[in-house]
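Okay, thanks for making time, everyone. Let me put the model up, and then I'll walk you through it.

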Amino acid sequence: MDLAETARAVRDNAYAPYSGFKVGAALQGADGTLFAGCNVENVAYPEGTCAEAGAIAAMVAAGQTRFEAAYVVADSPTPVTPCGGCRQKLAEFARGPDVVVTMATIGGEEMSLTIAELLPGAFDAAQMDIAKS
Ligand code: THU
């Protein structure tokens, strides 16, 4: 499966009984490995997690901390764009600001933006004079 297929497949497993809005996300790790995540909601609504966060957690749990590309898909009228919190989370683990995030509808419409376009002026480790390892 490629990156898009991985995101589409994991979307089927999303747990979204409250919003009814299933999202799938996939990341291509630095070594080419693909990681998948879906949104996982909770009756205590703020405890729900986004698909992007799930994919990041899967990547980090597998021992990788950088991704080269991301794909997010939902059954939305237009390609779904990551929420503000997920933009910050994606920026933390993208290899660089030029990394492309492709957003898609299940119908096949796609839109691509870089990490820098999704989160201009991102707060990052350099502002704390910290080197990210
Ligand atoms: N959601 C994601 O998982 N990723 C996005 O990029 C947008 C929103 C989820 C959160 C919640 O479970 C549902 O979609 C509705 O907001």
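**A walk through the fold**

So, of the 133 residues in this chain, 40% count as buried, where buried means under 20% relative accessible area, exposed means over 50%, and partly exposed is in between, with a 1.4 Å probe and protein chains only. Before going on, some housekeeping: this is a predicted model, so local features need pLDDT of at least 70 and side-chain atom pairs count only at pLDDT 80 or more, while totals for chains, interfaces and linings use all residues. Residues are numbered from 1 along each chain as its sequence is written, and side-chain values use heavy atoms, with hydrogens and water left out.

What's in the chain? There are 4 helices and 5 strands; these are DSSP runs numbered from the N terminus, H or I with at least four residues for helices, E with at least two for strands. Going along the sequence, you read α-β-β-α-β-α-β-β-α. The radius of gyration is 14 Å, close to the 14 Å that the globule rule gives for 133 residues, so the chain is as compact as a globular protein of that length. That radius is taken over C-alpha atoms, and the rule is 2.2 Å times the number of residues to the power 0.38. Along the principal axes, the C-alpha atoms fill a box of roughly 40 × 35 × 30 Å.

Now the sheet. Let me start with strand S1, residues 23–29, which is mostly covered, with 6 of its 7 residues buried. S1 pairs with S2 in the antiparallel sense over 5 bridges, and by pairing I mean that DSSP finds at least two bridges between the strands. Ala-25 has Gly-37 in S2 as its bridge partner. Those strands form a hairpin with 4 residues between them, and Gly-32 in the turn has a positive phi of about 95°.

S1 also pairs with S3, again antiparallel, over 7 bridges. Ala-70 is handy to remember, as its bridge partner in S4 is Val-101. S3 (residues 67–74) and S4 run parallel, with 6 bridges.

How do you get from S3 to S4? Via helix H3, residues 84–93, and together the three make a right-handed β-α-β unit. Right-handed here means that, with the strands pointing away from the viewer, the path from the first strand over the helix to the second runs clockwise.

Why call S4 largely enclosed? Because 5 of the 6 residues in S4, residues 100–105, are buried. S4 also pairs with S5 (residues 110–114), antiparallel, over 5 bridges. Ala-104 sits opposite Glu-110 in S5. This hairpin has 4 residues between the strands, and Gly-108 takes a positive phi near 110°.

Most residues other than glycine have a negative phi. Asp-129, though, has a positive phi, near 60°. You'll find Asp-129 in the segment after helix H4 (115–118), and at 73% relative accessible area, Asp-129 is exposed.

Last stop, the surface. Tyr-45, in the loop between S2 (34–38) and helix H2 (51–61), counts as exposed at 59% relative accessibility.
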